[in-house]
Amino acid sequence: MATSIGNDISNTDPEGERELSQAALSSDLLVCLPPMVRETREHATAAVLAAFPTASLRIAVTELDTLSADPTQSLLVPYEEARNQTGWALHVTDYLAAATVARKYDKQHVLLLGSDAPSELLLQSLARGLTQSHADVVMPRLQTSATDGLVNSALLYPMTRALLGQDIRFPLPHNIGLSRRALERLASEAQREVSAGRSDSLLWPVSVATAAGYSVRQLDSNEHLPVPAVTDFNRLFAEVIGSLLADTEARAINWQRSRYVAPAHSAGEPLATSAQDPDADVVSMVEGFRVAYANLLPIWSLVLPPQSLLALKKLAPVPPQAFLFPPELWARVVYDFALAFHLRTINRNHLLGALTPLYLAWAASHIRCAAGDATEAERLVHATAAAFEAEKPYFVSRWRWPDRFNP
Amino acid sequence: MKKPCSATDPLWYKDAIIYELHVRAFADSNDDGIGDFQGLISKLDYLQDLGVTCLWLLPFFPSPGKDDGYDIADYNSVNPQYGTIEDFQQFLDAAHARNMQVMIELVINHTSDQHPWFQKARHAPKGSPERNMYVWSDTDKLYDGVRIIFTDTEKSNWTWDEVAQQYYWHRFFAHQPDLNFDNPQVLDEVLNAMRFWMDMGVDGLRLDAIPYLVERDGTSCENVPETHVIIKKIRAVIDAEYENRLVLAEANMWPDDVRPYFGDGDECHMAFHFPLMPRIYMALRQEDRLPITDIMARTPDIPPSCQWGLFLRNHDELTLEMVTDDERDYMNLAYASDKRMRINVGIRRRLAPLVDNNRRRIELLNSLLLSFPGTPIMYYGDEIGMGDNIYLGDRNGVRTPMQWNSDRNAGFSRAVPAMLYFPVIMDPIWGYQAINVEAQESDPSSLLQWTRNMIALRKLFQVFGRGTLEFLLPDNRKVLAYIRDAKFEDGHVETVLCVANLSRFAQPVALDLAKFAGRQPMEMLGYVPFPPISESPYPLTLAPYSFLWLELQQLAPSAVSDPITGLVEDSEANRNLPPAEIAQPAQKNELLSAALLRALEDALPAFLLKQRWFGAKSRTIKSVRIASRADIAGADAVLSILEVQYEEGLIDRYQLPLAAVSGVEIQSVATEISSQVILRFEENGTETIVYDACLNPRFRAALIKATIGAASSDELIAKISQNALPSDLLKVDSRIGSAEQSNTSIIFGDRAILKLYRRLQIGENPDVEIARFLTNVARYRNTPAHLGDIAWKQDSSTSAFLQKFAPNTGDGWGWIMEDLARIYERAASLSASPNEEAHFADLAGANIEAVRLIGRRTAEMHLALATPTDDPAFKAEPHSAGDLVEIRTRIEHQLLTALDTLQSRLATFSEEDARNAKKVLELRGTLNNLLQSLKGDPQQFGERIRIHGDYHLGQLLHTAEDFLIVDFEGEPGRSLAERRTKQSPLKDVAGMLRSFSYAANAALATYEQTSSKEQPLVRAWSAAWESAATTAFLKSYQSAVSSRPELMPQSIQGESLLRALLIEKTTYEMMYEMNNRPLWLHLPLQVLLQNLQETV
């Protein structure tokens, strides 16, 4: 597995060549901004124009003020459909809206942004990934502290890496660069979701692109992981993991075919280590796990095999200061829940609810072991992902022959 | 605009799991004792969980119910017992919402006699359009001799109608009059009915009893050409008006006879493989794979867009029509010891009772069903191992209510039990208390759970629905082993090894998997890695009735590479494409960019393996290179030569015309070219589809224009026979012919046929060379005239051959088979002995007269080929001593090889074959006598000339009053040099005599399959006909050829040479039968024995 850091072209180009390069970057480019108030939008459009100073660029905005005297007005184009308002991750309506504009203005490369203040560097890196590396999907690797984005670290990243063979650190994007064909494919999937009355669904671009045989690239970014505005963690967890497991079910043919991890070709901004490490209540998370063990064991018994249940039994009395959720056990637990989701062993909402305390146990273990060190946290995340890879045959065999009579 | 289908993939049926059910039998929602659509809707979740993807509903239309709904009284409505049309629509929508397609029945051969059309017909005047909706006659002698299908109940295919004062025709029950497809109004009405259901959203139609649609006097009224015209019309309407719909043919016939129902992919998408089913049961009981491998060897290739429908059981009896008498007796003894278990020509039992409720046997048979090439069709209730009730009449014992739970009426209905349409099964073993869905859903080890898992597993691997089949033939015949292999458009390959133990005891086996050396078998159910494959035989031990599915995976790459960079590096470093062509795309072949060419070469192996004309399907292709390309003016296509390299190092050259379509144009041609797409390619955001240009009318027109224009380019040169060219050839439309297997025929109206050769060999093809000689030098009239041809300049290999179109009624084999069927049937019905001259002359006289004509035409062909000429390729030459040595060596080698093979396989033969084989082996010593007879003065052996080389009845075209001789290509398995060698014309004579022998026996076998017992009288007729035909042919041939006495050997030498050539031909046949059709081995064996005995 390799996540090499490539050259940052924007830092090495001579100034003269840079303008030429930027013009080339933006000649076929559409940048789609998220909904935002006018003042913020002016800042955002300024950033985009600074990144791509050319008249052939188009910037899609949700509320176009036709009477504005803004000199950039000629570059702005309207979204005809409403975009997702939640802001922390792209939803199906974002892809649909972007595809409509891309078709209308015949743009071959699209930057679909959730950030209302994208950096010039991020914009250029995304565009460069599309135009110079000819990737179909370009996704930023974001900055996190030891306790940021733990759902991603515990589930989204390891599942993506192990099942799809794609080492993409943040597979649920906030900002993304898409080739036209990748956008069309995503829009097609989005349309299916909307038709089924699921307009607030999430999409998994890495999964869609991998299934289509498209290339996916990751670039390093100094952007930070956006924080969802939702206060109900359980609901958010069920939404994201439910969507992930549904995607896993839908693409069973693809991930059972993938047998190794493709490199992600990181390139872009140099990594900066975050020093932020907010307090986390490890003790209460461990306590939550213990309570759940006492109450949810009958449900877990429907999902997990005896060996996993035994391991959880041994884990339950461990005090917070020594609490360690082994990554192999976590991988098997997640895989068994994914299988139960597929088999509809119990109501899916109840199932995801039963997974939540197990996730909190993993999170407590992770936070304790990382001890506020972002580098150590990252090492642990990779160890978790490696465990998911090692246990993939277990998952495949369980999926193919879901006999309850197993070890 | 075409109406969309619930499935988006046009080939969805290839990956489908079809579930057959009767609405009446599934679930009753209104407590009347009869299943209905609302009941079915309530069970859709169950079917979705089971994993089936397509529901096939038995007839649910208004009907008197005398044939379980196949007697339809109204095509456009729902039987009120089952619900309303709105209920059906609701069901359809609910199934689609669960991603399930729906197939219904289109019973168009006949209606119920209660149908308003028939009632009107009876009362309408003779000859009126209303009367002519059905088939009427004043006499019951019309179509005399056509077999009766329901022999238990019907005495004639005609029934007198008092009202109409005429007989009406019915192939099935008397209450099911046949519709008259000679009346165009019938087809219009059928199409209206079809549109009615398809407009609602029905995804597929099962065409019931289609071989019987059209009647023609003097035929068996089955499979007549006009029937195919009707089917093509139906298909054309479907393709024109609807997207992605399915037509499934019910034709209970041998695979060779079913093949025409696929047409060129323009008739039915699917057809049932009827003969496979009884042979699976036979193989299981006999613990011998041979019945299965034999029938699969006799299964022809079908167009790429088509698919076989496979099943273990269905709503009818387990049909034994497609087996021999011995096999039928065996099956009855093995599976239907109680006579109540039998009906018509079959066994009326369900799957589980057939195998004595043995779970392992059920699983084994299902593993075959799910892994054989085709789409599996499951019968309702078999997923839980439901039993049957042999005390119910007709085939109703397998149509009892579905067993849902252990409540009253098995949960099927809340009606009073006496109200049920049939009683539920109640005995202790099979009763609903023991076997039901609810119990099995809660039992994790139940058959239902197993079936769900297996269906889900099959759906993960498209190779099962789309891949090729190759049998491995280990020494242990109790083990059936085969490879399923497919390469898909996205480049991924799936290779699966399936191994099944047909025995009740554990079995060892060693498989030759050398060509997969280095691969890692991964057991597919548990994802368990097995030891890697090496060059050595791969040992496995199989538990009783067990099976293994092993995915043969390439070893995972040890290093991870950049998929983008890797692609560029790989393609630039490792390929040897001609630089000039790639560097200068604008100059030549503009439609193929360099990147496209590279992708094309990667896609070609998978494409080639799907083509009927690709002859090396059993080999593993290592690579395909586009070695040469030539523009055809005005074609928008290029003609290419592919170099196909196999793993073992051999190289073949194939010709493939390539056309490409991009962007918006794709939509307009997507349907037409879907069966021949080689590659879908995206470059710079534009999608391009490359396909076989034969589908492109512009290419076909350009090709014939280049031919008759005697055009020449850097790569190609065309030659013409000026005098023979029709004047208006360029004005007629073209189409692709369906008969040709190894090449592609393009038919230009009724004027000409252009054969595009597929496998190329260096040098001119003898077919073209001889036809040109016969047309321009010998002026021989009984072969279609040579009009022109195109050759590649680089090596003179023939690219295309244009011949005059010859109207005909079919080939000589088909003609003689029909004639013999008629002779045998009449002989049997009259109890006429062939030894009585008057009887023989009456029944077979005309046929023998035609055989005489064949003898004369054959002699005239040889005289024409011996036309004096200075052309060394054709000049007749006397035999030399060296020629005789060569003939002796060739025959000796062939005979010894065959005898050695015979010896080594003796243990595998039937008792009778083994007895004859031993006698043949005992006569090995007579070989010397045979070879001695080919010595002496070579001049006494007559002249050597160019001959036909592969002469048999199939190489004749039967016209109204004559025969034409075609296809001078020679035996395709031999080299071009061998085929161009001059030989004694007696070689062709020997070929035709053997063909007569095969025809007599094939017709006999066909006859005996349709009769219930052995027919000694018909056997006598078969022998008598073969003898008479042989004599008539030889006499006529000798008489006609006598005008050039030097051509023929002297009488003694002629007799010896002919016998030797017959032995040579027979040993070739023997090898073929041993390898492919062991059941036919007796035929060449007997003839060889007879000939060797004569040499003693």
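1. In H23(B), the buried residues (20 or more other C-beta atoms within 10 Å of their own, C-beta atoms being placed from the backbone) include Trp815(B), Ile816(B), Leu820(B), Ile823(B) and Tyr824(B). The buried residues of H23(B) pack against H24 (837–865), E37 (956–958), E38 (963–965), H29 (986–1010) and H30 (1016–1041) of chain B, a contact being C-beta atoms within 7 Å. Helices (H or I, at least four residues) and strands (E, at least two) are DSSP runs numbered from the N terminus.

2. The model is predicted: local features need pLDDT of at least 70, side-chain atom pairs count only at pLDDT 80 or more, and totals for chains, interfaces and linings use all residues. Residues are numbered from 1 along each chain as its sequence is written, and chains are lettered from A and ligands numbered from 1 in the order in which they are written.

3. H23(B) spans residues 812–830 and reaches 27 Å from first to last C-alpha, close to the 27 Å expected (1.5 Å times one less than the number of residues). Ser831(B), with a positive phi near 50°, follows H23(B).

4. Strand E10 (residues 307–311) of chain B has four of its five residues buried, so the rest of the structure largely encloses it. Strand E9 (residues 270–272) of chain B pairs with E10(B) in the parallel sense over three bridges (pairing needs at least two DSSP bridges), and Met270(B) stands opposite Gln307(B). E14 (residues 375–379) of chain B also pairs with E10(B) in the parallel sense over three bridges; there Thr375(B) is the bridge partner of Gly309(B).

5. Between H25 (residues 881–904) and H26 (residues 911–922) of chain B, Leu899(B), Leu902(B) and Gln903(B) meet Ala917(B), Val920(B) and Leu921(B).

Definitions and conventions. Buried ≥ 20, exposed ≤ 12 C-beta atoms within 10 Å, placed from the backbone. Contact = placed C-beta atoms within 7 Å.
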